[in-house]
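Subject: Structure for you, with notes

Hello,

Here is the structure you were expecting. My notes on what turned up in it follow below.

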Amino acid sequence: MSSAVPLLQAESWQAIPGLLHGFSQRSGGVSSGPFASLNLSLAVGDSPECVAENWRRLARSGGLAGAPVRMHQVHGSEVVRVDEPPAAAPVADALVSDRGVALAVLTADCVPILLVDPSTRAIAAVHAGWRGTVAAVARRAVESLVSHYGAKVEELRALLGPSIDACCYQVGAAVGEAFRQQWGRLPRSYRSDRGEEHKAHLDLRDANIEMLGAAGVLAEHIERLGPCTACAADRFFSHRALQGICGRQAGLIGWQQL
């Protein structure tokens, strides 16, 4: 998956025969201003022509035969099966498939999670902000891969791409309360801030690693890839660091066409 558009890839995943995967960065596209240059979202105010060209470039870079299936993300936990390319983006925060289609997730601080079972070729693309993390969207995606496609949880690989990390992600009391209500406890990476009442820092990737482990994914099969998006806002779009005016990058997963 090499081309003019730089993609962040995991070396361990490159060893899986036929698998295409990667996380886009800001560079390599044609958008300008706060969307410079590889913005992949039509919902942020960028030119549709620029976004379309950016997707064409990304598809070529990723080795994809066409555009991947995307979703209308709503910070929930809905998982949608993709048996064939849909006419419109489904409302969901996770897509699963084993039909040879490529899947995509868009982010700008939230956690992009890619899942694959190399033996059944079942794949998933997951969008996990704090609300989706609380609602266990990653676990629901794992369960969908197992129940619908016969994926073996002990064979599943999980890759968590660039997202905002605890260093830059301060949250309010409502986030901690939501975790207590849904999880029965706080994530291990939730750290209350000294001297700032009702404030804490949270590592969303670590919270999702907890969730994946609880779902049965082996620790040795879970990998973090890439920096904190807020720290590296020159390389990745960050909603928080760029004060809400920015583009979106993509996480991609699919298979080479035989």
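Two strands count as paired if DSSP finds at least two bridges between them. On that basis E6 and E8 are a pair, antiparallel, with four bridges. Please keep in mind throughout that this is a predicted model.

The sheet

E6 and E8 belong to an open sheet of six strands, ordered E3-E4-E7-E6-E8-E12, in which the pairing is mixed. The edges are taken by E3 (79-81) and E12 (222-224); each has a single partner strand, so one side of each has no neighbour in the sheet. From one strand to the next, the twist averages 15°.

At the E3 end, three bridges link E3 to E4 (residues 94-97), and this pair is parallel. Val-79 has Ala-94 of E4 as its bridge partner. Helix H4 (residues 137-149) packs on the sheet, where it touches E3, E4, E6 (111-117) and E7 (122-128). The direction of H4 makes about 160° with that of E7. A further helix, H6 (residues 204-214), also packs on the sheet and touches E6, E7, E8 (157-160) and E12. Between the directions of H6 and E12 the angle is about 175°.

E6 is mostly covered, with seven of its seven residues buried. In a regular strand, side chains alternate between the two faces of the sheet. Both faces of E6 are covered: one side carries Val-111, Ile-113, Leu-115 and Asp-117, the other Pro-112, Leu-114 and Val-116, and all are buried. Note that Asp-117 is in that buried list.

E6 runs antiparallel to E7, and seven bridges join the two. Within this pair, Pro-112 has His-127 of E7 as its bridge partner. On the E8 side, Ile-113 stands opposite Leu-160.

E6 and E7 form a hairpin with four residues between them. Arg-121 is in the turn and has a positive phi of about 65°, although Arg-121 is not a glycine. At a relative accessibility of 31%, Arg-121 counts as partly exposed. Arg-121 also lies over the face of Trp-255, 4.1 Å from the ring centre.

Aromatic rings

How many aromatic pairs does a search of the whole structure find? The search finds one. The pair consists of Phe-179 and Trp-183, with ring centres 5.0 Å apart and planes at 90°, so the arrangement is edge-to-face. Both residues sit in helix H5 (residues 173-183); because they are four residues apart, about one helical turn separates them. Phe-179 is buried, at 0% relative accessible area, and Trp-183 is buried too, at 17%.

There is also a charge over a ring at Trp-55: the charged end of Arg-70 sits over this ring, 4.1 Å from its centre.

Cysteines

No disulfide came out of the search of the whole structure; the count is zero. The sulfur of Cys-167 has its closest cysteine sulfur in Cys-231, at 3.7 Å, which is too far for a bond, since the cut-off for a disulfide is 2.5 Å. For Cys-231 the nearest cysteine sulfur is that of Cys-168, 3.5 Å away, and Cys-231 is in no disulfide. Cys-167 counts as exposed, at 51% relative accessibility, and Cys-231 is exposed as well, at 54%.

Cys-231 is located in the loop between E12 and E13 (249-255). Leaving aside neighbours within four places in sequence, Cys-231 is in contact with Cys-167 and Cys-168.

Backbone details

Which two residues does a cis peptide bond join? They are Ala-36 and Ser-37, with omega at about -5°. Ser-37 is in the loop between E2 (19-24) and H2 (48-62).

His-75 has a positive phi of about 60° without being a glycine. His-75 is found in the loop between H2 and E3, and with 37% relative accessibility it counts as partly exposed.

Regards

Methods
Residues numbered from 1 in each chain as written. Predicted model: local features only at pLDDT ≥ 70, side-chain atom pairs only at ≥ 80, totals over all residues. Heavy atoms only, no water. Axes fitted to C-alpha atoms, helices over the stretch in contact; angles between N-to-C directions. Contact = heavy atoms within 4.5 Å. Phe/Tyr/Trp six-rings, centres within 6.5 Å; stacked < 30°, edge-to-face > 60°. Buried < 20%, exposed > 50% of the residue type's maximum accessible area, 1.4 Å probe, protein only. Lys NZ or Arg CZ within 6 Å of the ring centre and 35° of its normal.
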